[in-house]
Amino acid sequence: MSVDDRQLRAVHAPIEVRDLVKRYGEIVAVDGVSLTVERGEVFGYLGPNGAGKTTSLRMMLGLIRPSAGSVRLFGRDPLLGIGALRGVAGFVEAPRFYPYLPGRANLELLAGLDRMGIGKTRIDEVLDVVELRDRAKDKVGGYSHGMRQRLGIAAALLRDPQLLLLDEPATGLDPAGMRDMRRLVRRLADGGITVMLSSHLLNEVDELCNRVAIVRNGRIVYEGTLANLKRTASGTWRLHTSDDERAAAVSAAQPGVVLGADDHDLGVSVTAENEQAIAALSVALVESGLGIIELHQHVASLEDLFFALTEQPETDVRQHARLMVAS
Amino acid sequence: MGAALVSYRWELRKLRSLRRTYLGLGAAVAVPVIFAIAVTTQSSSPNDVAFGSYIHQTGLAIPLVLLLFGSAWMYPLIIALVAGDIVASEDHNGTLKTILTRGVDRGPLLAGKAMATVTYAVGAILASGVVAVIAGSAVSGLNPITTLSGQRVSAITGLGLVFASLGVYLIPILAIASIGLLLSTLTRNSTAAVVGTLMAALLFQLIGILPGLGALKPYLLSTQFSAWQGLLRTPIDWAPILRALWVCSLYAVPALITAGIVFVRRDVDGG
């Protein structure tokens with residue numbers, strides 16, 4: 001790595017995408033996506049099929065030209081040449097190889113094209129990482145989907161990347177394969193590689209990623225941590241006291257707290273601006289002589305939130321997202 | 001240039017693993033053998049073709065007659081088989097996205113493919129010629145040959161002229177290869193590109209025989225396939241060879257430039 005490289009890498013984020021647009025005739029596949037992936041993050045790019053995830057990743061890897069906007073990988077524009085992919089590796093959709101060549105020969109070919117002096121020992125190493133060494137002599141044409149997926153990771157690791165872009169790495173794998181893939185990504189991330197991974201599977205992203213962007217119809221509808229998404233979207237609390245009728249009256253009078261519709265036969269439902277408001281409410285309740293039996297946050301499942309963001313009518317979603325981003 | 005050479009090296013490796021390479025090369029060496037065997041079973045000669053009447057007298061006539069026969073579609077097909085496939089197969093396998101995210105830019109990558117195509121074309125023509133000389137000499141002897149000017153030249157001189165003719169023959173062959181590479185890049189479909197290249201070669205011949213279009217003939221690609229005959233005159237007639245050079249360049253250079261521009265700018269959506 002040259003000094004220039006190191007400087008670029010020290011200054012610039014692994015991925016900086018600004019107002020990225022890709023149009024295919026009338027269809028807008030990616031519609032003004034902006035995001036930044038910081039060093040060391042495992043960033044999830046989450047959305048249903050057809051949301052424009054793969055198209056975005058293709059633009060990030062320089063495979064297709066944006067209609068508008070820009071991509072920078074460690075400060076470099078992938079459109080200006082392959083040099084921007086130094087330290088970057090990954091694949092979009094299912095990784096593809098030459099079926100008539102053995103797995104090892106495919107890796108040798110890619111190592112050759114990398115022009116980084118990657119030797120046989122490194123090829124053995126990455127084959128070990130993805131547990132394909134004993135099948136390396138077989139032609140890729142005979143590989144299962146899972147094996148090709150792992151060979152795809154091996155091909156990416158050959159480059160010793162600081163940034164790994166993976167498009168739906170676990171898709172099409174059986175449960176054990178998915179678990180292995182998650183472990184592998186986790187291990188790579190723990191080793192210091194910045195990872196951006198796209199997925200339509202919420203639990204995959206939930207387990208792996210520190211931060212996510214949720215996309216819908218080519219637009220980002222949420223960006224932040226999943227924990228934050230859960231928290232901000234669940235400002236609803238359940239309250240049960242020694243006298244719920246009086247508790248409702250106290251809650252209604254409490255600043256920062258709104259009394260919810262009482263849909264339960266037991267307890268009171270309140271919506272709070274923040275946790276301080278709830279803390280103040282509990283003090284007020286106790287000062288009014290009420291004993292608190294139960295006070296807990298109503299946790300919406302991530303799935304509910306995900307579907308709310310990706311399936312509700314769009315105007316609602318935008319309001320919802322603004323609300324969440326603001327809070 | 002280093003990047004193009006890396007690409008070239010790996011393109012050769014891929015060609016070595018592909019069945020169609022052996023299909024093409026196999027045809028290139030099998031046809032002269034079959035032709036030589038046919039010569040032994042026939043006492044008559046194809047007298048309407050240049051050197052056709054000498055096939056029983058000298059084996060050196062056999063590669064020359066083959067060049068004339070082969071230019072119709074055999075050699076164009078053998079070349080198109082690889083040239084039309086070399087980019088399109090990456091689309092078919094979905095491997096374009098795999099190799100375009102490594103360390104070689106698109107330009108050098110395509111340059112490597114072009115060089116590999118040229119290597120294959122030169123190999124196929126040379127192999128065909130060598131086998132034709134050997135098979136021809138086996139059935140008719142390595143004897144002196146009479147040039148188109150009626151002068152008898154020794155077997156050794158004749159041999160030199162045959163190989164020089166193969167070299168001149170490569171000029172239109174490489175133009176066909178360039179068209180194949182262009183179609184391979186444009187169509188993203190191997191079969192379409194192979195058939196398209198062959199159709200282009202046949203179309204030139206069709207234009208060549210259409211009445212009233214005689215004025216176009218010197219500028220057709222098909223005409224350049226007989227440029228080598230200038231070597232077999234005394235003194236050597238360089239005019240058709242020089243014309244072959246610039247006419248073929250007029251076809252090959254724009255084809256390669258277009259292929260380059262399209263390949264460098266295209267969106268890689270598939271795979």
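**Contacts, burial and pairing**

Analyst: In this predicted model, 24 residues of chain B are in contact with 23 residues of chain A. Two residues are in contact if their C-beta atoms, placed from the backbone, lie within 7 Å. Residues are numbered from 1 along each chain as its sequence is written, while chains are lettered from A and ligands numbered from 1 in the order in which they are written. Local features need pLDDT of at least 70 and side-chain atom pairs count only at pLDDT 80 or more, whereas totals for chains, interfaces and linings use all residues.

User: What makes strand E7 of chain A largely enclosed by the rest of the structure?

Analyst: A residue is buried if 20 or more other C-beta atoms lie within 10 Å of its own, exposed if 12 or fewer, and partly exposed in between, with C-beta atoms placed from the backbone. In E7(A) (residues 194-199), 6 of the 6 residues are buried, so the strand is largely enclosed. A:Thr194, A:Met196 and A:Ser198 are buried on one side, and A:Val195, A:Leu197 and A:Ser199 on the other. In a regular strand the side chains alternate between the two faces of the sheet.

User: How do you know that strands E3 and E6 of chain A pair with E7(A)?

Analyst: Two strands pair if DSSP finds at least two bridges between them. Strand E3 (residues 42-46) of chain A is joined to E7(A) by 5 bridges, and the two run parallel. Within E7(A), A:Ser199 is the bridge partner of A:Leu46. Strand E6 (residues 163-167) of chain A also has 5 bridges to E7(A), in the parallel sense. There, A:Leu165 has A:Met196 as its bridge partner.

User: Why is the crossover from E6(A) to E7(A) given a hand, and which hand is it?

Analyst: A crossover is right-handed if, with the strands pointing away from the viewer, the path from the first strand over the helix to the second runs clockwise. The chain passes from E6(A) through helix H6 (residues 175-190) of chain A to E7(A), and this β-α-β crossover is right-handed.

User: Why is A:Arg148 called partly exposed?

Analyst: A:Arg148 has 19 other C-beta atoms within 10 Å, so it is partly exposed. A:Arg148 lies in helix H5 (residues 145-157) of chain A. Not counting residues up to four places away in sequence, A:Arg148 touches A:Ala94, A:Pro95, A:Phe97, A:Val140 and A:Tyr143. The C-alpha atoms of A:Arg148 and A:Phe97 are 8.0 Å apart, although the two are 51 residues apart along the chain.

User: What makes helix H2 of chain A mostly covered?

Analyst: In H2(A) (residues 53-60), 8 of its 8 residues are buried. Among them are A:Leu57, A:Arg58 and A:Met59. A:Gly62 follows H2(A) and has a positive phi, near 75°.

User: Where does pLDDT stay under 50 in chain A?

Analyst: pLDDT is the predictor's confidence in each residue, from 0 to 100. The value stays under 50 over residues 319-327 of chain A. Where pLDDT is low, the predicted coordinates should not be read in detail. For chain A, the mean pLDDT is 86, and 88% of its residues reach 70 or more.

Methods:
Helix = DSSP H or I, 4+ residues; strand = E, 2+ residues; numbered from the N terminus.
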